[in-house]
Amino acid sequence: MNNAFFTVPKPYNEPILSYMPGSPERQALKDELARQSAEVVTIPLIIGGKEVYTEVFADVRAPHDHGHVLARYCVATEKELRLAIDAALDAKAQWAAMPFEHRAAIFLKAADMLAGPLRAKINAATMLGQSKTVFQAEIDSACELCDFFRFNAYFASQIYGEQPLNSKGVWNRLEYRPLDGFVVAISPFNFTSIGGNLPSAPALMGNTVLWKPSSTAVLSNYYVMRLLMDAGLPAGVINFIPSRGREVSEHVLTHPMLAGFHFTGSTEVFSGVFTTVGNNIRNYHSYPRLVGETGGKDFIFAHSSADVEALSAAMVRGAFEYQGQKCSAASRAFIPASLWEAVRARTVAIMETLKVGDVCDFTTFMGAVIDEKSFDFIAGHIDMARESQDAELICGGYDSSKGYFIQPTLIRAYKPDFPTMVTELFGPVLTVYVYDDADFDATLELCDKATAYALTGAIFARDRQVIAHMERALADCAGNFYINDKPTGAVVGQQPFGGARASGTNDKAGSALNLYRWLSPRTIKESFVSPTDITYPYMCRE
Ligand code: NAD
């Protein structure tokens, strides 16, 4: 018995290392890239803390060199999915009863291990398996994941400290129980940090979890699972089950003890899960919490007072970093006719300098898109723009002979509803719609209404009246809104992330708001001197 209230260390954002030539981190990363490039890892499932090998295997390949197999992973079938549910339910009571400081310590320890000895390993796996450049891996799998672990522990301690008011003779307490059942986390390929955060945020709050990583991010996600185990995560708290999405939907999401679903990925998959849960709603022990951060068609909207150099830099970084495969990536831009020629010239000039290729070459700006399906989808839309009367393909192209490479692509659409203006492509394609300066307000309305999404958006203007007007006019079409900055690069603790409409439930990953979803509070009222009389004063005879 400790008889003390402990204070979780105040979190800070993990510093981004530079990887400059001659730096120790650069050498360590290069060595690790060489080591991982020369091996083929066998990845088991982890259920109840034990490695489980199945007979169904799938490959992890480097997107920028698709002939290169990095790992072979076991695929969970119905049998293993059921074992994982049992393991999570078995581990629940002990984990929920573990004092918070010990639960928190596991994730704080994981952050320090990741920031130190495991940084190169998890960054290298993210670079090779998900085709991220050094910088893109560093800000994701090292920095953002450390931030999630540290900030969540801090936010959780603040939540636990929130208590109701009391009245005379009464003490009210609020107890923050985990959900009653198990949680399922299904993660996307594009951020190793999201992979780590989706199971660990509910686990920190005392839940036990099944974690299904994306089939194209299994290698880095497996190392994150190992990191958590090495940091002391007890058996069964998070169960690592690479598997087919459909099977998870069928066998896990319909289980009566499903208590929560933590998802990041496409709108289509989340809508399907919502439907599955809705159709089964009478079978659950409690109403499952459904938290989903989904797709986007993120915009940059420039006013005629915008700074062209800052605008072009934001268009390039916002649209093409990590090959446009950030949910926040700029994929449509509204540019006033008065600025268009200058913006076009500058943007194309920068785009011509961007090197696309193998991410192990540290001079590249972009790697490959994640897989063949994605490549075909994006390439098909580039062809559509090339052939259409309603658009001009300004620059761009593709080649999948060695890796799934799409060149940074700029399209001008002559119609605001041209498919690449409204469809999420999830690739390095930016479509520009040039509007007449006199149509500013109508174009703002178009930006708001043209797509079902509402994730991120950026405005560029120097006129303060205009900035205030745009902020109001675009109030509902972005959960993360940027003024004179690119719409990507949200930092945990600084810009809580998420959007509404078809972009998700807007539960803001990386903030206390998200953690509330993994709690089921119990209110406890204690009367110190219990009343014994049932009459009220108004009942007295006059
Ligand atoms: P995806 O929807 O294809 O896959 C996400 C996860 O769902 C994967 O683990 C996948 O295997 C699984 N899945 C697929 N079909 C399923 C099914 N029927 N039932 C259950 N699970 C299923 O997404 P992705 O390609 O990995 O990621 C890209 C998408 O994620 C984009 O739409 C992007 O905008 C979105 N995203 C959103 C955010 C955000 O915060 N809003 C962040 C990152 C990515």
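Good morning. If we set aside its neighbours within four places in sequence, Ser503 is in contact with Gly292, Glu293, Thr294, Gly295, Gly296, Tyr453, Ala454 and Leu455. Please keep in mind that this is a predicted model.

Where does Ser503 sit? Its place is in the loop between strand 22, residues 500–501, and helix 16, residues 512–516. Is Ser503 buried or exposed? Its relative accessibility is 0%, and buried means under 20%, so Ser503 counts as buried. One of its contacts can be described in detail: the side chain of Ser503 reaches the backbone oxygen of Gly295 at 2.6 Å.

I turn now to a sheet. As a reminder, strands of a sheet pair through backbone hydrogen bonds, either parallel or antiparallel. Here we have an open sheet of three strands in the order 1-5-4, and its pairing is mixed. Which strands stand at the edges? They are strand 1, residues 41–43, and strand 4, residues 57–62. Each has a single partner strand, so one side of each is left without a neighbour in the sheet. On average, neighbouring strands of this sheet are turned by 40° against each other, direction ignored.

Let us look at one pair within this sheet. Strand 4 pairs with strand 5, residues 65–74, in the antiparallel sense, over six bridges. As an example, Phe57 stands opposite Cys74 in strand 5. A helix also belongs in this picture: helix 7, residues 218–230, lies across strand 1, strand 4 and strand 5, and runs at about 70° to strand 1.

A parallel pair is found elsewhere. Strand 7, residues 182–186, and strand 8, residues 209–212, run parallel and are joined by four bridges. In this pair, Val184 stands opposite Leu210 in strand 8. What covers strand 8 I leave aside, but both of its faces are covered: Val209 and Trp211 on one side, and Leu210 and Lys212 on the other, are all buried.

Finally, I come to two helices. The axes of helix 3, residues 100–115, and helix 5, residues 134–161, come within 8 Å and cross at roughly 160°. Angles over 145 degrees count as roughly antiparallel, so helix 3 is roughly antiparallel to helix 5. Helix 3 passes helix 5 in a left-handed crossing. Which residues make the contact? From helix 3 they include Phe100, Arg103, Phe107 and Leu114, and from helix 5 they include Leu145, Phe149, Arg150 and Tyr160.

Thank you for your attention.

Notes: Residues numbered from 1 in each chain as written. Predicted model: local features only at pLDDT ≥ 70, side-chain atom pairs only at ≥ 80, totals over all residues. Heavy atoms only, no water. Pairing = 2+ DSSP bridges. Axes fitted to C-alpha atoms, helices over the stretch in contact; angles between N-to-C directions. Contact = heavy atoms within 4.5 Å. Buried < 20%, exposed > 50% of the residue type's maximum accessible area, 1.4 Å probe, protein only. Polar contact = N/O pair within 3.5 Å; in protein donor to acceptor, adjacent residues only side chain to side chain. Parallel < 35°, antiparallel > 145°, perpendicular 65-115°, else oblique. Left-handed = near helix turned anticlockwise from the far one by under 90°.
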